Amino acid sequence: MAQLEFDTEWRKKEESLEEIIQKYPELPPISILEIDAHRRGVYYTDAAIEKLDESIHQVTEYKNRQGVVRKVPASLTLRDGSHLVVAESDTKTERDPFIVDVVDGKIVLTDQGKVYEEVSYWEKPKFYDKVTSRGTPMRDVIQARPQRYSLQPSKFCHFWECAKDGCKYCSIGSSGVKFHGRPDDLLNLQDVEETMKELVKEPGRFVGVILTGGSILSGSKLCEDELQIYIEILQAMGTVFKTKKWPSQVNTTALDKEQLQRLYDQTGLTSYTTDLEVFDDELYRWVCPGKAKTISHEEWKKRLFDAVDIFGRGQVDTGLVSGVELAKPNGFKSEDEALKKDFETAEEMASRGVLLKHDIWHVGDNSIFRGQLTPSLDYYVRLTKGLYEINKKYNLRSDMDSYRKCGMHPNINLDRI
Amino acid sequence: MSIQLSDEVINAIKDPQSVKVIATISKEGIPHVTAKGSLTVDDNGRIRFLELLEKSQTQKNLVYSIWFDKIVAVNVITQDKKSFQIKGKIYKTINSGREFQDAYVATQEKYGYDIDVSAIWLVDVDEVTEETFAARRDELETKYPYELHVDRLAKDELRFAK
């Protein structure tokens, strides 16, 4: 903890985890804990790191702010089988993170010395130790969470062609700039096919996949190259399945209706996501200037409605990076005001068959928004409850993006009961 | 505070001829009872069973139980009609990793490759009662000797007179 910097007074400025758990008895305490851990991040003690077995677990290596290289678990699974998707490298330091420690031989999530939950480390799939015939490590082709796998078709996001156009919260986009024009920006189809052949040999390992990467705006019309790349990868993946359709999701730039139809018809894809990111037009233009210049907020919404016509209700969702709507200086001035707008847009989307989700904002060190403060736990719980209730009101199924297939959407995780 | 199961109960649970059912409640408080052929006892003395269907009512109720600290009940009925009721709280569920995948493979090898497995569930045992009728009757009639129909106490020549 010595090397972490945070506002030591932050606990005095907002309601505590315990108070929030008491305040919302209708929500599972473990889910509120999960939201708070996503918000504040985690830090592993030496004892916790000693429990890491690289022959079994998924490991992340990163250099912290002090320049120290740390090898830590990729992330954690809770007792209820839900998966925290929070890497130590993402840990935000405006509030001190939860501490992963070892107590009575068990790996536990703690805060201020109190043990909250027993946790376990994510295990790696067998293909992680294999390479393709081209010599590519398969772990670089397909990434794993405990129950789902993912592919990143492109690392460079065209919205970062001009840095000021990048989405202000996005660390992935800024990190991806170095791949611009490099041969390893795009996935190789042979690598994909070979890795998929290994992946499906692991019984009981995966329940779904997501493909998502940087936006590709080029082509004979907007995003045509992006569409073609996704189609080719999905087709390469599909060679290992005996059914035309198989559990899958893409999260792309908002494609137009004709492109969506081709994506659906020519691949095994079953569900579609394109994230509005911010549920307010004016803030969208500030937070995501490149996107806004290319596809307006209204057009983005229209493309989501078009996707529902093709993929079906409950097979299309959209998300917001929850918290950026309160970023300074242009964000909403109060959490109440932000929630009001979030729910207004959420109603509009859900009433047209678009499932809602939110991803808790991680303030990345290399994002334009670095140094900002995320909202209170109370805000995130109210947002989670509100989106859950709106999805229920419109009878939207959420299994396309469930706790098994993602884990980062607290409102959808509540659908388990 | 969990308790240790007796050898008799462990043997009853592990006997493949025993009938094993689990009772859970939904978030609306509606009880739900299903057979659980996979139910056994693990090396730590916990009840362990598989839920095969991710979207089943039992699965939902088990998640509800772990989220809100609710009690689940198991009944084991042996071939010789002995019955044991076990109550406890969910310790954890396992839906990924080596332990889960081993269970998945074993289930498919036993029941066929079209069977899926959603999760392993582990229950800490808090209470065991023998629910065999004779045992329950002996216990309760000793404890409540006057909770009965009076004809049972009548003299035989009166009780069975035609």
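Visitor: Let's start with helix 9 and helix 12 of chain A. What is the handedness of their crossing?
Guide: Helix 9 of chain A passes helix 12 of chain A in a right-handed crossing. Keep in mind that this is a predicted model.

Visitor: And at what angle do the axes cross?
Guide: The crossing is at roughly 30°, and the axes come within 9 Å. Helix 9 of chain A covers residues 257-265, while helix 12 of chain A covers residues 297-311.

Visitor: Which residues make that contact?
Guide: From helix 9 of chain A they are A:Lys257, A:Leu260, A:Gln261 and A:Tyr264. Helix 12 of chain A brings A:Asp306, A:Ala307, A:Ile310 and A:Phe311. Sorted by class, that contact has five nonpolar residues, one polar and two charged.

Visitor: Nice. Zooming out, how is chain A divided into domains?
Guide: There is domain 1, residues 10-121, and domain 2, made of 153-186 + 207-416. The C-alpha centres of these two domains of chain A are 25 Å apart.

Visitor: How many residues are in contact between them?
Guide: In chain A, 19 residues of domain 1 are in contact with 18 residues of domain 2.

Visitor: Which elements of domain 1 give two or more residues to that side?
Guide: Those are helix 2 (17-23) and helix 3 (29-40) of chain A. Helix 3 of chain A supplies the largest share of the domain 1 side, seven residues. By class, the domain 1 side has seven nonpolar, four polar and eight charged residues.

Visitor: Switching to strands: what is the strand order in the six-stranded sheet of chain A?
Guide: The order in this open sheet of chain A is 1-6-7-8-4-5, with mixed pairing. At the edges are strand 1 (42-44) and strand 5 (83-84) of chain A, each pairing on one side only.

Visitor: How does strand 5 of chain A run against strand 4 of chain A?
Guide: Strand 4 of chain A, residues 76-78, runs antiparallel to strand 5 of chain A, and two bridges join them. The bridge partner of A:Leu76 is A:Leu84 in strand 5 of chain A.

Visitor: What about strand 2 and strand 3 of chain A: how many bridges join them?
Guide: Five bridges, and those strands of chain A are antiparallel too, with strand 2 at residues 59-63 and strand 3 at residues 69-73. A:Lys63 stands opposite A:Val69 of strand 3 of chain A. Their hairpin has five residues between the strands, and there A:Gly67 takes a positive phi near 85°.

Visitor: Which residue has a positive phi although it is not a glycine?
Guide: A:Gln112 does, with a phi of about 50°. A:Gln112 sits in the loop between strand 7 (106-111) and strand 8 (114-121) of chain A.

Visitor: And where is the cis peptide bond?
Guide: The bond from A:Lys328 to A:Pro329 is cis, with omega near 5°. You'll find A:Pro329 in the loop between strand 14 (316-322) and helix 13 (335-351) of chain A.

Visitor: On to chain B, then. How many helices and strands does chain B have?
Guide: Chain B has five helices and seven strands. Along the sequence, the pattern of chain B is α-β-β-β-β-α-β-β-α-β-α-α.

Visitor: How do the strands of chain B line up?
Guide: Seven strands of chain B form an open antiparallel sheet in the order 2-1-5-6-7-4-3. The edge strands of that sheet are strand 2 (31-35) and strand 3 (40-41) of chain B. Strand 1 of chain B, residues 19-25, is joined to strand 2 of chain B by five bridges, and B:Ile22 has B:Thr34 as its bridge partner in strand 2 of chain B.

Visitor: What packs on that sheet?
Guide: Helix 3 of chain B, residues 98-111, packs on the sheet and touches strand 4, strand 6 and strand 7 of chain B. The direction of helix 3 of chain B makes about 85° with that of strand 7 of chain B. Helix 2 of chain B, residues 57-68, lies across several strands, including strand 1 of chain B, to which helix 2 of chain B runs at about 60°.

Visitor: What is the span of chain B?
Guide: The C-alpha trace of chain B spans about 70 × 35 × 30 Å along its principal axes. Chain B has a radius of gyration of 20 Å, whereas a compact globule of 162 residues would have one near 15 Å.

Notes:
Residues numbered from 1 in each chain as written. Chains lettered and ligands numbered in written order. Predicted model: local features only at pLDDT ≥ 70, side-chain atom pairs only at ≥ 80, totals over all residues. Axes fitted to C-alpha atoms, helices over the stretch in contact; angles between N-to-C directions. Helix = DSSP H or I, 4+ residues; strand = E, 2+ residues; numbered from the N terminus. Left-handed = near helix turned anticlockwise from the far one by under 90°. Contact = placed C-beta atoms within 7 Å. Nonpolar A, V, L, I, M, F, W, Y, C, P; charged D, E, K, R; others polar. Domains from an automatic or database assignment. Pairing = 2+ DSSP bridges. Rg over C-alpha atoms; globule rule 2.2 N^0.38 Å.
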